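Here is a short tour of charged side-chain pairs, with a stop at one further residue along the way. Have the model open beside you as you read.

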Amino acid sequence: MDKNALFYKLVSFTSSVHRVTHELTKNAKSDSISQVQYSILEYISVSQPVTPSEINDCQNMSMPNTSRELSKLSKKNLIEKLNDTEDRRKQYIRLSNDGEAMMNEAFATIESRFLKRLENASKEDLDDIERAMDILQTKLFYP
């Protein structure tokens, strides 16, 4: 396959990923936070601890917007800010106990929907899906 055709397959694939992600996560977040705040918490949950700059880059937000949203999440006791022991200017963000509980609840909803999508998959299908995800993670979606 030529690289141009592969690129258009990628476009189609990522579009499908976004659609399924939307279906899996629809109404999974708490009503007490915005969609942007949920996205930040989700990123922190799978990557913690993270710096505000990493959140800024991953969420494609300006630093002032990132700081404002982190401040809101901190006031809701959903995140904790930790100072680097060697560089006091550097700060790390992680989920608080309340943030962990909120994300566990959201992930439970998402997992239930995910398992429903897979309910008719054979063991071989599940193995293929896992292998495909591993390959994509290492060969395409690496940092």
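This is a predicted model: local features need pLDDT of at least 70, side-chain atom pairs count only at pLDDT 80 or more; totals for chains, interfaces and linings use all residues.

The structure holds eight salt bridges; three of them are set out here.

| Salt bridge | Closest N to O distance |
|---|---|
| Glu 80 and Arg 94 | 2.7 Å |
| Asp 128 and Arg 131 | 2.6 Å |

Arg 19 is partly exposed, at 43% relative accessible area, and Glu 23 is partly exposed too, at 37%.

The salt bridge between Glu 80 and Arg 94 links distant parts of the chain: Glu 80 belongs to strand β1 (residues 79–83) and Arg 94 to strand β2 (residues 91–95), 14 residues apart. Glu 80 is partly exposed at 29% relative accessibility, and Arg 94 is partly exposed at 35%.

Asp 128 and Arg 131 both sit in helix α6 (residues 123–139), three residues apart, about one turn of the helix. Asp 128 has a relative accessible area of 42% and Arg 131 one of 47%. Elsewhere, salt bridges with shared partners join Arg 19, Glu 23 and Arg 117 into one network.

Leaving aside neighbours within four places in sequence, Asn 56 is in contact with Met 61, Ser 62, Met 63 and Thr 66.

Notes
Residues are numbered from 1 along each chain as its sequence is written. Side-chain values use heavy atoms; hydrogens and water are left out. Contact means heavy atoms within 4.5 Å. A salt bridge is a side-chain nitrogen of Lys or Arg within 4 Å of a carboxyl oxygen of Asp or Glu. Buried means under 20% relative accessible area, exposed over 50%, partly exposed in between (1.4 Å probe, protein chains only). Helices (H or I, at least four residues) and strands (E, at least two) are DSSP runs, numbered from the N terminus.
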